[in-house]
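Dear colleague,

A summary of the findings follows it.

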Amino acid sequence: MTITLLEVYDLLDGWKLNRKTVEKFLLRVESEYLPNSYHNNIHAADVTQTAAIIMQSFAKQVTEIPKLDTFCVIMASAVHDLGHLGVNNDFLINSKHPRATTYNDKSVNENFHVSRAFDIARTTPGCDIFELFTVEEQKKCRKLMIDTVMATDMAIHFDLLKNFNSQIEAKPNLNEWQERNLLYQMIVHLADIANPSRPFHLARGWAERVIQEFCEQGDKEGSIGLPVSPFCNRANMNMPRAQINFIEIFLKPTLLSFDRVAPEFISMALVYLEKTISEWKALEAAGFKM
């Protein structure tokens, strides 16, 4: 998926990338995605594709998107859950996991994902995808990728959305945004949470995967004497209600806020989202739980 997108955007041959290096880097990245129920290589590919589709819609609203920016968004999406253990940040902190110690309990997963991506590029022979960039390009790319992956931490969702809404109100003309990192953070964050805005058979499939992973975390918490986290308890799981709440609290407000940035994508997503809501409400009324 990532190789194809790089080709589509004319980034792989004749730009600043060595094809063999990129291929080796991405193969290594994919090999380090674990076979979790949800946070796995398929999820990473899905988010990467979705981010690219949102970028296509965004591109029609601005004069130009620099190739370096497009590259960073694609690569940040591809690595955004690299090495995910199938548990959330609270589990890592509460279980005193070494990653929580390393990152001082701050966005533990997200810090690890992006750190490991750069570690692979810098320390694995033949994997330095940034080798042909200038020093300034490397700095810009590193900052943008770090900012973007860190923005996938759901703990900062409301602050991120509030910041974006303030910026878009102050500068509704996107061509006036000299600094676009916030836009790219929102694009990847939205791609990461957009599953319910798909045709329902896809939305339901992703919901089943994420709920399964949540319950697996709850099982682990119970087995080591930790309180079972909210939404991770098999005994009282209600998938339709959990999905409806997620849509109403997180996804729908984000889609509505992003309408000025990617109107074509948002209009399509909202149509599917309303159908998804109706399907989950019908399942809830029928007494379906999980």
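His80 is situated in the loop between helix 4 (67-79) and helix 5 (89-94); helices (H or I, at least four residues) and strands (E, at least two) are DSSP runs, numbered from the N terminus. The model is a predicted one, in which local features need pLDDT of at least 70 and side-chain atom pairs count only at pLDDT 80 or more, while totals for chains, interfaces and linings use all residues. Residues are numbered from 1 along each chain as its sequence is written, and side-chain values use heavy atoms, with hydrogens and water left out.

His80 counts as buried because its relative accessibility is 0% (buried means under 20% relative accessible area, exposed over 50%, partly exposed in between, with a 1.4 Å probe and protein chains only). Its side chain and that of Asp81 are joined by a polar contact of 2.9 Å (a pair of N or O atoms within 3.5 Å; within protein, one must be able to donate a hydrogen and the other to accept it, and residues adjacent in sequence count only if both atoms are side-chain atoms). Neighbours within four places in sequence aside, His80 is in contact with Tyr33, His43, Ala44, Val47, His113, Val149, Thr152 and Asp192 (contact means heavy atoms within 4.5 Å).

**Positive phi values**

Asp105, in the loop between helix 6 (98-102) and helix 7 (108-123), has a phi near 65°, a positive value in a residue other than glycine. At 42% relative accessibility, Asp105 counts as partly exposed. Ser107 is found in the loop between helix 6 and helix 7 and has a positive phi of about 40°, although it is not a glycine. Ser107 counts as buried, at 19% relative accessibility.

**Packing of helix 12**

Helix 12 (residues 239-257) packs with helix 13 (residues 263-285) at an angle of about 160°, the axes lying 10 Å apart (axes are lines fitted to C-alpha atoms, for helices over the stretch in contact, and angles run from 0 to 180 degrees between N-to-C directions). Helix 12 is therefore roughly antiparallel to helix 13 (angles under 35 degrees count as roughly parallel, over 145 as roughly antiparallel, 65 to 115 as roughly perpendicular and the rest as oblique).

Helix 11 (residues 200-223) and helix 12 pack at about 105°, with their axes 11 Å apart. Helix 11 is therefore roughly perpendicular to helix 12. In this contact, Ala207, Glu208, Val210 and Ile211 of helix 11 meet Met239, Ala242 and Gln243 of helix 12.

Yours sincerely
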